[in-house]
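Please open the structure in your viewer and keep the selection panel at hand.

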Amino acid sequence: MEKTELLQLVKDYIETWSTTNPEDRKLLIDKLYSSTAKFYADEPGDNAVEYNGLNEIFKNITQVNERLVVSNGLITESTGYSKNHDALKVTWEMKMSSGEIVMKGMNLLHLDKLGKISQDYIFIG
């Protein structure tokens, strides 16, 4: 994957979590994730979860978006990325409109042979 393609993937990935338009989110998920993708979260204080397939991933990202972006006005920005073979690490932070950082994290993405996300692991903190 060329650097410009990688930059676009990271931009689209962050936008998937940021957009308040469900149709745009669905299109981005279909573009970025394989049809059999899995999403894993094990956040402090919450139960570990696994979401399978595009529909479950869409529902999860939508509920996170509604809780953090729509209800609280948080803005997600990428703070960097690095790629190692078929693994991509995307670091990010969520900010208030004032610029105050309220959450930091990273996602470790496993990319399939077509460059689509087959596994997505989120780490908060």
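**First selection: Thr19**

Select Thr19 and display its surroundings: leaving out residues up to four places away in sequence, Thr19 touches Asp24, Arg25 and Asn65, where contact means heavy atoms within 4.5 Å. Thr19 lies in the loop between α1 and α2 (22-32); helices (H or I, at least four residues) and strands (E, at least two) are DSSP runs, numbered from the N terminus. Is Thr19 buried or exposed? With a relative accessible area of 8%, Thr19 is buried; buried means under 20% relative accessible area, exposed over 50%, and partly exposed in between, with a 1.4 Å probe and protein chains only.

The model is predicted, so local features need pLDDT of at least 70 and side-chain atom pairs count only at pLDDT 80 or more, whereas totals for chains, interfaces and linings use all residues. Residues are numbered from 1 along each chain as its sequence is written, and side-chain values use heavy atoms, with hydrogens and water left out.

**The whole chain**

Now colour the protein by secondary structure. There are 3 helices and 6 strands, and along the sequence they follow the pattern α-α-β-β-α-β-β-β-β. The radius of gyration is 14 Å, close to the 14 Å that the globule rule gives for 125 residues, so the protein is as compact as a globular protein of that length. This radius is taken over C-alpha atoms, and the globule rule is 2.2 Å times the number of residues to the power 0.38. Taken along the principal axes, the C-alpha atoms fill a box of roughly 40 × 30 × 30 Å. Of the 125 residues, 39% count as buried. Among contacts between residues at least 6 apart in sequence, 41% join residues at least 24 apart.

**The nonpolar core**

Next, select Tyr13, Trp17, Tyr33, Leu88, Val90, Leu109 and Ile117: these have the most contacts inside the largest nonpolar core, which has 28 residues. Such a core is a set of buried Ala, Val, Leu, Ile, Met, Phe, Trp, Tyr and Cys residues joined through side-chain atoms within 4.5 Å. At least two residues of this core come from each of α1, α2, β1, α3, β4, β5 and β6. The largest share, 7 residues, comes from α3.

Centre the view on Val90. Beyond its neighbours within four places in sequence, Val90 is in contact with Val10, Tyr13, Ile14, Ser78, Gly80, Tyr81, Gly105, Met106, Asn107 and Leu109.

**The largest pocket**

Select Trp17, Glu43, Val64, Ile122 and Ile124, which lie nearest the centre of the largest pocket among its 26 lining residues. The space in this pocket is about 410 Å³. On a 1 Å grid over the protein atoms alone, a pocket is an open set of points where a 1.4 Å probe fits, with protein on both sides within 12 Å along at least five of seven lines; lining residues have an atom within 4 Å of a point. Grid points are joined across faces, edges and corners, and a volume is the space filled by probe spheres set on the points.

The largest share of the lining, 8 residues, comes from α3. The lining divides into 16 nonpolar, 6 polar and 4 charged residues; Ala, Val, Leu, Ile, Met, Phe, Trp, Tyr, Cys and Pro count as nonpolar, Asp, Glu, Lys and Arg as charged, and the others, Gly among them, as polar.

**Strand and loop positions**

Move to His85, in the loop between β3 (75-84) and β4. Although not a glycine, His85 has a positive phi of about 55°. Most residues other than glycine have a negative phi. At 68% relative accessibility, His85 counts as exposed.

Ser82 lies in strand β3 and is partly exposed at 36% relative accessibility. Ser82 touches Ala87, Leu88 and Lys89, not counting residues up to four places away in sequence.

Select His110 in strand β5; His110 is partly exposed, with a relative accessible area of 28%.

Finish at Ala48, in the loop between β1 and β2, which is exposed with a relative accessible area of 57%.
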